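Dear colleague,

Please find below the structure that I am handing over to you. My findings come after it.

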Amino acid sequence: MAFLQLKALSKRYGAVDAVVATDLAVEQGEFVSLLGPSGCGKTTTLQMIAGFVDVSGGQILLDGRDITHAKPASRGLGVVFQSYALFPHMSVRDNVAFGLKMRKVSAADIATRVNTVLELVRLAQHAQRYPRELSGGQRQRVALARALVIEPPVLLLDEPLSNLDANLREEMQFEIRRIQCAVGITTLMVTHDQAEALSISDRVVVMQAGRVTQIDAPYKLYEHPRTRFISDFVGKANLLAGDYDALGAPQVRHDGGAGELTLSLRPEKIQLVEPGTGRIQGKVLDRYFFGSQWLYRVHTALGEITVVRSNDGSVPLANGAVVGLQWQADLLRVLAADEVHP
């Protein structure tokens with residue numbers, strides 16, 4: 001039996017289904033992300049697990065115990081909010097110790113556990129500072145320490161990095177994963193950032209309009225998206241019309257016809273080759289530089305195609321350049337029709 005189980009978990013607000021019959025099994029020590037756009041139901045799902053939102057239907061089981069209607073405090077879960085919710089008038093040490101004091105833990109045990117967790121999040125030297133004296137990343141780590149110090153069975157993270165700038169967000173992704181692995185705690189994170197979910201999760205749960213549409217390891221989710229929505233939302237994708245060849249393999253329709261299939265082809269899977277070679281010809285419409293790579297918008301007979309090319313130090317293609325586009329046929333992915341229409 002999984003450590004944390006959601007069985008047909010649902011939330012309804014009047015006539016609106018915010019979360020629809022969601023099933024999920026999370027193993028002990030696993031890091032799982034709920035990924036999806038705003039309004040997809042991911043935060044509502046997390047809040048039902050935490051006990052902050054009443055459940056309309058279904059069950060939540062924690063280590064075999066039914067906690068569906070248990071009070072939040074009795075669940076003993078660690079929660080890190082988007083805003084961090086730190087007490088501004090308390091030092092870092094007191095913020096972290098607060099939950100233990102509320103649980104009537106002895107002073108000696110509090111001191112030991114707080115010191116241990118502050119070392120874990122690399123904030124021991126800032127124990128006497130106040131939140132206003134800390135950077136965004138440091139405040140985030142205080143919130144994480146406060147959630148971990150109570151030794152919860154499950155850690156819930158609600159968009160924990162959304163208030164950080166891009167560079168710090170990437171740094172803190174790896175910091176969260178380091179801490180989670182060091183403690184071995186079962187973790188469920190809500191995010192709308194696909195790069196964040198893919199980089200640090202064991203599995204990713206994609207949600208759309210209150211429903212789970214795919215659960216997979218990050219690599220499998222990216223390489224084998226089930227639907228057009230997932231292909232588009234999880235990374236960039238070129239959606240092309242296609243059909244099956246004589247051997248039953250998917251192929252792009254080069255005549256521009258509608259086709260019986262919708263095929264996904266990731267931009268980095270396409271090679272830009274010499275004019276007159278490749279599967280199709282195109283003309284560069286525009287280019288964008290991202291440091292480690294170039295992104296090209298290329299006009300072709302199939303419509304506009306996005307190509308991502310690693311920055312190898314060579315001179316980039318100019319706007320208006322004629323190029324050939326080449327790809328391996330086995331990198332085409334057949335997409336099922338979207339199951340939900342928000």
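The notes below cover the conventions, the annotated domain, a sheet, and the pocket and cavities.

This is a predicted model, in which local features need pLDDT of at least 70 and side-chain atom pairs count only at pLDDT 80 or more, while totals for chains, interfaces and linings use all residues. Residues are numbered from 1 along each chain as its sequence is written, and side-chain values use heavy atoms, with hydrogens and water left out.

An unreviewed UniProt entry lists residues 4-234 as "domain: ABC transporter"; such annotations may be inferred rather than shown by experiment. Over residues 4-234 the chain is 38% helix and 26% strand (DSSP runs, numbered from the N terminus: helices H or I of at least four residues, strands E of at least two). The end C-alpha atoms of this stretch are 25 Å apart.

Four strands form an open antiparallel sheet in the order β2-β1-β4-β5, where pairing requires at least two DSSP bridges between two strands. Its edge strands, β2 (16-26) and β5 (65-66), each pair on one side only. Helix α1 (residues 42-50) packs on the sheet and touches β1, β2 and β4 (contact: heavy atoms within 4.5 Å). The direction of α1 makes about 115° with that of β1 (axes are lines fitted to C-alpha atoms, for helices over the stretch in contact; angles run from 0 to 180 degrees between N-to-C directions). β1 (residues 4-13) and β4 (residues 57-62) pair over five bridges, and Ser10 stands opposite Gly57 in β4.

A volume is the space filled by probe spheres set on the points, which are joined across faces, edges and corners.

The largest pocket has a volume of about 420 Å³. Of its 19 lining residues, Leu77, Val79, Phe81, Arg103 and Ile150 lie nearest its centre. At least two lining residues come from each of α2 (72-75), β6 (78-80), α3 (92-102) and α5 (136-148).

There are three cavities of 30 Å³ or more. The largest cavity holds about 70 Å³; β16 (293-300) and β17 (303-310) each give two or more residues to its lining, which includes Trp294 and Arg309. The second largest cavity has a volume of about 50 Å³, and Tyr222, Glu223 and Arg333 are among the residues that line it.

Yours sincerely

Key: 1 Å grid on protein atoms, 1.4 Å probe; cavity = no way out; pocket = protein on both sides within 12 Å on 5 of 7 lines; lining within 4 Å.
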